[in-house]
Amino acid sequence: MDLVLFYFFAAVTLGSALVVVGQRHPTYSAFALIVTLCSLSAVFGLLGSPFIAVLQVVVYAGAIMVLFLFVLMLLNVKREEPGRVGGGVLKLVGGGLGAVLAAQMGAVLAAGSAAPPPAGFDGSTGHVARMLFSPAYLYVFEATSILILTALVGAVALAKGDR
Amino acid sequence: MTPLQQELVIVVVKILVLFNVLLGLFSLMTYVERRLLAFMQFRLGPNRTGPFGILQPVADGIKLFFKEETMPAGANKWLFVAAPGLAIVTAFLSIAVVPYGGPVHLFGRDITLQIADLGVGILFLFAVSSLGVYGIVMAGWAANNKYTLLGGLRSSAQMFSYELALGLSWVGIIMLAGSLRVSDIVASQAGWFVHWNFLRQGLAFLVYLVAATAEINRTPFDLPEAEAELVAGFHTEYSSMRFALLQMAEYVNMITVAALASSLFFGGWLAPFPALQTVLGYDVGLLWFLLKMGAGLFFFIWLRGTVPRFRYDQLMDFGWKVLVPLATLNILVTAAGMAFKWW
């Protein structure tokens, strides 16, 4: 049952991700990306990490993508403009990066890392919270908060301009 | 049947029952809203179809079924068709984690009156409600009409702004209950009604009420469909059953918000006095839940009959400069209260 669901959501994730890249219409791409994020969240859920699964939807699908769509609709973009860099160069760079990614994935698959989660694995919210606020991760967590706060203040300052 | 199959059957039955109850409640609400609004305006409202006009929703349904389905020539066909579906799916999804009664003993096993008691229940609600905006945005954009586009844009900006206050207003409750599970939050309010969260978390309740009204686009926050300036907002170009689906999504969202308010702030299926929880040996939790939810629904109709609409800049100012700071203050006060054991 879990396996069937996993393959289903994996297929949806990959399919919609392909649409994101292959689609010329930015709004379609944005909607396809939302589908990707939602089905990816389902995969996280199947892996026993409900907290990550929900955050995936809340943060990415629910907040960031709304802003993306908002901008796309405000600008009313019809079709993707052809880039200034020639298509040949883009294809070459893209192909090279794709090859690197494929090589990495091949290496990981060859190493056989499809191991089950370690014993005592607990992805529940309570456990994630205890881990996050334990001495091991607390400083990193707080440092990230400060980073985000700085970015926030910076964004406000930039948007306000010299007035 | 194996235990897994039994579980599956129970879940499917629960989903089917809840789905049909919600459909019935939706058609009832269209009638009740029109009647109550009419009474508030010294009119009679629909009273011709059946006794007291109670069959009006049936007549409306038949009419909508047989109307012509139109689509603007410049519309984006796929998204135009998909938008009402998306709106209705997100509307129905969020009610899945709301418990509407205590455990029931049926056929020799305990059945919880809730579709899914998720450990991340509250976060799930937050996720689904943040997806709800896409149905409206998609509808507004796909119709290729400037009024619908403006309606869609307004609604995305509005829902985005008020979602933050909505989520923050839940944090105090989560802290008091010590759990994200909705059934745990209901259980944390057990006892006399003084333990209910609308008293323990009064400020959060007010913030929730305002933010939730904005989330479901009801008056005074119905700017996305402000008929005086945007024709009918994002559903201007919709007709027939697709229009009905968008309407249904709005009403189901309203029902969800009322159900949530009763679960999170009014003790859900708990009675105001523990002695009233059982009548003649039967658990009447479901009735208490329906009563609280009905009061919430009445409140939304009452509000629509009472207050005028916000201006757009006032709406944004209010959301960001009043509600969000108030919700944050509530979190700080709740944290202090828990640290110093005030309650």
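Trainee: What share of chain A counts as buried?
Mentor: Keep in mind that this is a predicted model. Chain A has 163 residues, and its elements run α-α-α-α-α-α from the N terminus. Of those 163 residues, the share that counts as buried is 20%.

Trainee: Where is the kink in α3(A) centred?
Mentor: α3(A) has 26 residues, and its first and last C-alpha atoms are 36 Å apart, close to the 38 Å expected at 1.5 Å a residue. Still, the helix has a kink of about 35°.

Trainee: Which helix supplies the largest share of the lining of the second largest pocket?
Mentor: That pocket has a volume of about 1,600 Å³ and is lined by 29 residues, with V58(A), V59(A), F126(B), L164(B) and L168(B) nearest its centre. α3, α5 and α6 of chain A and α4 and α5 of chain B each supply at least two lining residues. The largest share is nine residues, and the helix they come from is α5(B).

Trainee: How many residues of that second largest pocket's lining are nonpolar?
Mentor: Sort the lining by class: three residues are polar and one is charged. The nonpolar count is 25.

Trainee: Now the cavities. Which helix gives the most to the lining of the largest cavity?
Mentor: The whole structure has two cavities of 30 Å³ or more, and the largest holds about 360 Å³ of space. Of its 25 lining residues, S129(B), M159(B), E215(B), I216(B) and N253(B) are the closest to its centre. By class, the lining has 16 nonpolar, seven polar and two charged residues. With seven residues, the top contributor is α10(B).

Trainee: And what is the volume of the second largest cavity?
Mentor: Its lining includes G62(A) and V66(A) along with S130(B), V133(B) and E163(B). α3 of chain A and α4 and α5 of chain B each supply at least two of the lining residues, and α5(B) has the largest share with four. The volume comes to about 30 Å³.

Notes: Residues numbered from 1 in each chain as written. Chains lettered and ligands numbered in written order. Predicted model: local features only at pLDDT ≥ 70, side-chain atom pairs only at ≥ 80, totals over all residues. Heavy atoms only, no water. 1 Å grid on protein atoms, 1.4 Å probe; cavity = no way out; pocket = protein on both sides within 12 Å on 5 of 7 lines; lining within 4 Å. Points joined across faces, edges and corners; volume = space filled by probe spheres on them. Nonpolar A, V, L, I, M, F, W, Y, C, P; charged D, E, K, R; others polar. Expected span 1.5 Å × (residues − 1). Bend = angle between axes of the 7 residues up to and from the residue. Buried < 20%, exposed > 50% of the residue type's maximum accessible area, 1.4 Å probe, protein only.
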